[in-house]
Each structure stands twice: as structure tokens, then as C-alpha cells.
Amino acid sequence: MQAELGNIWNSEESPSLERKEVSVIDFAGQDAQKSIKPSGLDKLCIEGGHALEGEIPISGAKNAALKIMCASLLTDEPLTLTNMPVTLNDIKTLAHLLKHIGVSVMARHDKTAVLHAHTIKEPVAPYDLVRKMRGSILVLGPLLARHGFAEVSLPGGCAIGARPVDFHIKGLEAMGAQILIEDGYIKAKATGGLKGAVYTFPKVSHTGTENLMMAATLAKGTTVLKNAAREPEVVNLADCLRRMGAQITGDGTDTITIEGVSSLNGATHAIMPDRIETGTWMIASALTGGRLRLLNTNLDYLTALISPLEKAGLTIETEGSDIVVYRTGDCLKGTDIMTDPYPGFPTDLQAQFLTMLTLCKGAGMVTETIFENRFMHVPELCRMGANITIQGNSAIVRGVEKLKGAEVMATDLRASASLVLAALVAEGTTTINRIYHLDRGYEDIVGKLGNCGAKIQRV
Ligand code: EPZ
């Protein structure tokens, strides 16, 4: 008999990163409040030099789940989500925000979540939650569409760049919203509801596309989003919205058309596998030389990664929904990459790929075209012995014989993943500080890597 599953999201405490104690709820159904040491001070200790051999189950995609959780605001019926990465801090932070707005949220350790926005109590996303998780901006479109009013704190910048949300605002104004920016908040209203519009994004924007696509599902008339993002996560969100009764075509291309409907219903939807986690472990295999089987994922989402990795010397095979990777030959060869919106090379795998280049024969050039400050992993890698020169938005990486373990600092989510990769292959032990960045986007990194032979522990 399966033990009564607890609701791992019904802690009253905000999963704040700054909070001295983070309340956790036992899975056994007891609402136990346990204090654990502040996660912000946790470190990872990794002893390098061990090949990764074995299987890694890939979690549901953070960058699909966050938006689909916001879609629950569009209906007064329950939205059931499976393959949810329920233990990620970003997911828990958003769950806390949705509860604040009035959504009942329930998550179970079988990775199923049920979100029910029966009524909207408080259409406000306060600064202290939004600043922790920029994806909170994605409640703006759904709240305006469902409720006609929303107050969302401006997310502000983050480590990798200014991250403005002007396209989100301009697009909603094109759909008839009246928007005022005051006291650091976006104060938006749409009396009489939103209306269909044609909006062309000045630059491709992943969450901009998703915010407007959700808003358009309940607008009066037809909305056409041009120069839209084509990421698989946009398609996964559109699939969920269609299950809820939305009329959407063109998702996955640069032009998305949405016919507004009067209301949406509840649905059940599976979150797609995390392509960035998948790519991260493919690169880990290239670096450590071991053979990995990545479970329940999809190589179709990573076409831009295949040829650079194969050129570098990694063999990539698919078996059903698994990907098997292993290094052919005894050395990696350097190659160039340039990040681009999907289907180009994903910026979220740039730091990880650059880390691999530090040990490749020859040199490689990495050009970052999406964000203005996404090389913060470079100084840390240089402290481990890498040879990297930054020129503008490019980094020239010259291969070295080895990296040496050191004490390093994580600065943002994907930079910290790249430091884990470097530590797995460096000579000696590496200590990575501020690993709360990692907990935002990678589930159970110690368990997953430890099960494949990594000498890794959280202290
Ligand atoms: C999403 O961020 C992802 N986050 C990011 O993943 C990812 O790196 C990024 O897309 C690019 O793929 C989520 O999905 C939650 P953008 P997003 O809007 O939507 C500029 C991770 O590590 N821009 O596509 O914020 C912007 O400054 C995170 O998981 C505007 O100028 O990215 C950037 O230069 C990091 N005005 C470019 O467009 C706007 O209104 C692309 O940004 C919006 C964006």
C-alpha cells in the first residue's frame, strides 16, 4: 500500500533563500516542520578524476514547468501536471507565489502537482518573491487575461544581464492593457478584457512569447505573435494550453496565432524532459570519459549540441527515450560555438560547453549573443588552471593538460553547473560555494552523480 503521500509544497514558510531556516514537510504526510542549515551556506566538495558510469534519470524541464504552473491562473478548474521537478527551489518559490495569489498548490514526491486557481484572491506578485525568481513575471499575462488586473514587481536585473521585460509590457499594451510602472511595480489593468492584436518582437524572447501567448488565449479575437521564440518549452506550454481548450497554431515557428476563447478548463499535462540538464550530463560524459545512459529525455531538443560534441569526440546514440553517450578516442578536440535562440546553440549550455573546451586539444571560441554578462564562470575556471581570454562577447579557450581542484564560487545557475563539470575532471578536490544557485535548476545533483561514481558530497 503506497504510504500516504505528503504535500511537499504546503509549508507555510516561503522557501526563501535568505531565510535562516527552511521548513520542510515530511513525505509521510506529516506536516513536520524541520529546520535545516541555511541552504545558502551549503557547499559541494568534489574529488575529481572519476569517470561517470551508469544511468541518470532526467527531470522535468524547469523552463517548461514554471510557465505551465502560471497557466493554472487561466482557469477555475484544477490543472494536473506530471513529471514535475517538484524539489527545485525555483519551482517551490513560484508555488509559494501562486499560493499568495490564491491558487491551491499540491505536489507529491511522485512528481505530480495539482494547481487550482478557483478564485484569484490577491493578483499581486511582491518584490521579495519576484527578485528571487524572475520567472514570476509570467503571472502577469495570465492574471490580466483571467482577472483584468495585476500588480507585478519589476524583476530587476540578475547576474547574467539587465534582463528587461519591455517586450512583455509592449505586447500586453498592444492587446489593450493599460500599464503603469510605479514604485518598481508593473501596475496593469484590462477593463473589459484583452483584445487580439498583432505584435512583432523586436528580439526573440522566450518568456516574452510565453507571457503573451497565455494572455492571448482569453483575449477577444485573434492574436498573432511575430518573431516569436521557437523553444521546445514554448511548444510544451502550447500543448498544455490546447488541452485546456485554447486555440493555438504555429508554436515552434516564428509566428504563433491564438484565437481567443471565453474560458479555459482544467487538464492533465506531462512536463517535457529538461534539455539543459540532458546537455549538461552529455558534456560531463565527454569530460570524465565515462559512459552514461540518460533516461526519459529527447535528443530532438538538442540538435545544435550534437555536431559540436561529436566534433569534439563524443559518441551520441539514442535508444527509445534514452540517450547513451561515451567518449571515442582518448582526447577531445576543440571547436567553436555561438549561442543563438532555438534551434541554435542554447545559451544555457554555453558555460558547460566552454568548460569542456578547457581540456580539448587545440583551441575553441565561444561567442555569447543572448546575454551581456554570461562569462562569470571564466575567472573561476582560470583559477583551476584553464587558459581562457575574453574579448567582448567572445571567449578564446586554449586547451590545457589538466585542471586543478580549488575553492570556487558559484555565481548563477548555469555557471555553477559548469564548475561542477570542471570539478568532476580536475586533479584533486574542489569546493564550490553558494550552491543554492544549483538548487534552483538541478534536482538531486549529489544523488544523480554519486550513483554514477562521482565522489561528491554536500557539506
Ligand atoms: C529564458 O529567459 C530562460 N528562462 C533562460 O534560462 C534562457 O537563458 C533564455 O530564455 C534564453 O533562452 C526561463 O525560461 C525561465 P529572453 P528569458 O527573453 O525569457 C532580451 C536558465 O538558466 N529581452 O529570451 O528571460 C534579453 O535581455 C535561464 O534556466 C529584452 O530586451 O530570456 C536577452 O538579451 C537563464 N526585453 C534576450 O532578449 C524583453 O522584454 C533574450 O531574452 C525580454 C528579453
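This is a predicted model: local features need pLDDT of at least 70, side-chain atom pairs count only at pLDDT 80 or more; totals for chains, interfaces and linings use all residues.
Is Ala286 buried or exposed? Ala286 is buried, because its relative accessible area is 0%, and a residue counts as buried when that value is under 20%. Ala286 has its place in helix H8, which covers residues 275–288. Now display the residues that surround Ala286. Leaving aside neighbours within four places in sequence, Ala286 is in contact with Leu314, Arg327, Leu332 and Met356. Ala286 and Phe167 are 119 residues apart along the chain, and their C-alpha atoms are separated by 38 Å.

**The whole chain**

Return to a view of the entire chain in cartoon form. There are 14 helices and 24 strands to be found in the chain. Along its principal axes, the C-alpha trace spans about 65 × 50 × 45 Å.

**The ligand**

Select the ligand and the residues around it. Which residues come nearest to the ligand? Of the 23 residues around it, Asp166, Ser205, Thr207, Asp348 and Ile370 come nearest. By residue type, the shell divides into 8 nonpolar, 6 polar and 9 charged residues.

- Lys62: a polar side-chain atom lies 3.0 Å from a ligand oxygen atom.
- Pro164: a backbone N or O atom lies 3.3 Å from a ligand oxygen atom.
- His206: a backbone N or O atom lies 2.8 Å from a ligand oxygen atom.

On its own, the ligand has 820 Å² of accessible area, of which the protein covers 89%. Colour the elements that give two or more residues to the shell: helix H1 (62–71), helix H5 (166–174), helix H6 (206–216) and helix H12 (413–425).

**His206**

Keep His206 selected and show its side chain. His206 belongs to helix H6. The side chains of His206 and Glu210 are joined by a polar contact of 3.2 Å. Setting aside residues up to four places away in sequence, His206 touches Asn63, Lys67, Ala229, Glu231, Glu233, Val234 and Arg275.

Most residues other than glycine have a negative phi, and most peptide bonds are trans.

Select Tyr342 and Pro343. The peptide bond from Tyr342 to Pro343 is cis, with omega near 10 degrees. Pro343 is in the loop between strand E18 (337–338) and helix H10 (350–357).

Move to Asn83, in the loop between strand E3 (78–82) and helix H2 (89–101). Phi of Asn83 has a positive value, near 55 degrees. With a relative accessible area of 29%, Asn83 is partly exposed.

Finally, select Lys111, located in the loop between strand E4 (104–107) and strand E5 (113–116). What is the phi of Lys111? Phi of Lys111 is near 65 degrees, a positive value in a residue other than glycine. Lys111 counts as partly exposed, at 29% relative accessibility.

Notes
Residues are numbered from 1 along each chain as its sequence is written. Side-chain values use heavy atoms; hydrogens and water are left out. A residue is near a molecule or strand if one of its heavy atoms lies within 4 Å of it. A polar contact is a pair of N or O atoms within 3.5 Å; within protein, one must be able to donate a hydrogen and the other to accept it, and residues adjacent in sequence count only if both atoms are side-chain atoms. Accessible areas come from the Shrake-Rupley method with a 1.4 Å probe; for residues, only the protein chains shown count as cover. Helices (H or I, at least four residues) and strands (E, at least two) are DSSP runs, numbered from the N terminus. Ala, Val, Leu, Ile, Met, Phe, Trp, Tyr, Cys and Pro count as nonpolar, Asp, Glu, Lys and Arg as charged, and the others, Gly among them, as polar. Contact means heavy atoms within 4.5 Å. Buried means under 20% relative accessible area, exposed over 50%, partly exposed in between (1.4 Å probe, protein chains only).
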